[in-house]
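Open your viewer and get ready to select a few pieces in turn. Each stop tells you what to pick and what is there.

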Amino acid sequence: MAEASPLAPRGAGRLVAHFWMVLGVIVVAFPVYYVFIASTHSTQTILRPPLPLLPGAEAAQNYSDAFSGGISRIGGVSLWRLLANTTIVAMGIALGKIAISMASAYAIVFFRFPLRMACFWLIFITLMLPVEVRIQPTYKVMVDLGLIDTYPGLILPLIASATATLLFRQFFMTIPDELLEAARVDGAGPWRFFRDILWPLSLTNVAAIFVIQFIYGWTQYLWPLLVTNSNDMNTIVIALKKMISFADADTPWNLVMVTSVLAILPPILVVVLMQRWFVKGLVETEK
Amino acid sequence: MARILLNDVRKSYAGNQVIHGIGIEIADGEFVVIVGPSGCGKSTLLRMVAGLEAISAGTIEIGGKVVNDLEPRQRDIAMVFQNYALYPHMSVRENMAYGLKIARMSKAEIAARVAKAATMLELEPYLDRKPRALSGGQRQRVAMGRALVREPAALLLDEPLSNLDAKLRVQMRLQIKEMHLRTGQTTLYVTHDQVEAMTLADRLIVMNKGVAEQIATPLEVYERPASEFVAGFIGSPAMNIFTVRAGDGGVTLPGDAVLPLPGVPRDGELRLGLRPEHLRLAQEGEAAIPVLLRSVERLGADAFGYGMIEGSEVPMVLRLPGTSRAERGDRIAVVPDPAHLHFFDPETGRRVEG
């Protein structure tokens, strides 16, 4: 498909380059591979060194155990429920962030209103306040609103995003003024301009931000831990942590590894699917 | 299609006036070109008509309706931008149809209008392409098409040809002229190119520093420029303009030669303008302007001689026949055509009539 880039090294240089790349891939991928291997052995095998490097025979047993709900350690909540919770939270955070940051960037770039720059700087300043810093007041607000143990409680506090707002602002500022003016002359109001012109042109950015924020939401630990009391509302990351918070011999490592594999799969899926899609988007818009 | 009326239109930015009261009545179907050097406010004026810039004072009427406080979409105008501003994610067809779609026109009517414009602009093979797959000239035609399908009261063009190469520009110029003849669209066209201005316009607005120096037909502007600025701006090569002292039925040239001239409007200091094409070689013994040539450009049909009036530093451009063998260092005596003399007031720069 793609032709060799003129920058691609040849001969020995190429071998060296490939060696380093393969090494890099191994370093990054080996732990993941190992999680998968461990998920196919019994706890006894895992705990007795040396660790095997090839898949074992207990794969079917482990996976069916994990799904059939034999895990009293995570409070009798099924893996499906945990995965569903996490998916809802991660999607909610990713889509919510995109909606809010696009809306605020649209306002800041394309509208003239009093205190416009003040608003921009306020948003910007929140970059310097990570969730952890404002966690106590945020928790209080959630309690007062009765949002403990609810999806909104898990999602809403993590939605506001200065980073995504800034990214969209930078992108919107590259849209030539004439495009806006042409749309105005064509009769497009603010909503139509957004829907018909800005949104289609932003899709590649939306895809990139969706991927990043989905993974951010998927791997959240501290906030879901605080805002959920009932095991029903746990996310998979918390469930994982709960499974291994016992003495080593007591931990069903094989099931932990199965859960880990299942926890990794959805983000990988999102990355793979979206990546293909936004590369296509990049080629199409060509700016 | 409609009349456009500009009534003492002004524009200021933060108290700084950039358009100083321009008034013109543009008839239905008229093609008016706003021409001037960059920064003269010509684009600003057009954008005020379009509704993209607020009007600081005065009124603009389109089709008998004051549009000062109307959004562009309520003004019934269409505009072609210098960089075309095509929607990059839409096909040529969608680009042209977009405005009509917003106006909630029926699908059949949209299709018919797009097809008609595509035929006129020879865009049919490209209707399903995206703008990035088009050449500059094709993009320009799409921009024209997008404006034409609207069938607006007024068509506004902001330097539509300046991003094209020279050959294409000539082609498109002819096409725009022909299209105007066919559609009879009231058109306001901004350019800095005097050839475009002269060839396209029914009437010209020559602008300089936010002032309309002259509003007239191209020929009037050429034959009777209203000010020294207009005289120097329109015509190629530019008119020779220099200070003379008038008196006793003639003028004293720079370098102290005396030239008898008919129709000198008044005595005293004046600026005299002579177009290169209105100077002829002097007969033996005739009173003439002595010019010392510094260089000659031969273009085949014509030759242009660049020199100075003898005894001064005042530059003169002469249009010589293509067969002329004049060389650098030659002394050439030329006589102005008395039917084409232009006098301007040295203070105000305005034309002085006899």
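In β8(B), which residue is the bridge partner of V35(B)? Select T191(B): that is the partner of V35(B). Before moving on, note that this is a predicted model, where local features need pLDDT of at least 70, side-chain atom pairs count only at pLDDT 80 or more, and totals for chains, interfaces and linings use all residues. Residues are numbered from 1 along each chain as its sequence is written, while chains are lettered from A and ligands numbered from 1 in the order in which they are written.

Now widen the selection to residues 31–35 (β3) and 187–191 (β8) of chain B: the two strands run parallel, joined by 5 bridges. Strands here are DSSP E runs of at least two residues, and helices are H or I runs of at least four, numbered from the N terminus. Strands pair if DSSP finds at least two bridges between them.

Next, show the whole open sheet of chain B, with 6 strands in the order β6-β7-β8-β3-β9-β10 and mixed pairing. Its edge strands are β6 (77–80) and β10 (211–216), each pairing on one side only.

Then turn to where the chains meet: 18 residues of chain B are in contact (C-beta atoms, placed from the backbone, within 7 Å) with 16 residues of chain A. On the chain B side, β6 and α2 (92–102) each supply at least two residues.

Last, select α4 (79–110) and α10 (190–218) of chain A. Among the residues in their contact are I93(A) of α4(A) and F210(A) of α10(A).

Note on methods: Contact = placed C-beta atoms within 7 Å. Axes fitted to C-alpha atoms, helices over the stretch in contact; angles between N-to-C directions.
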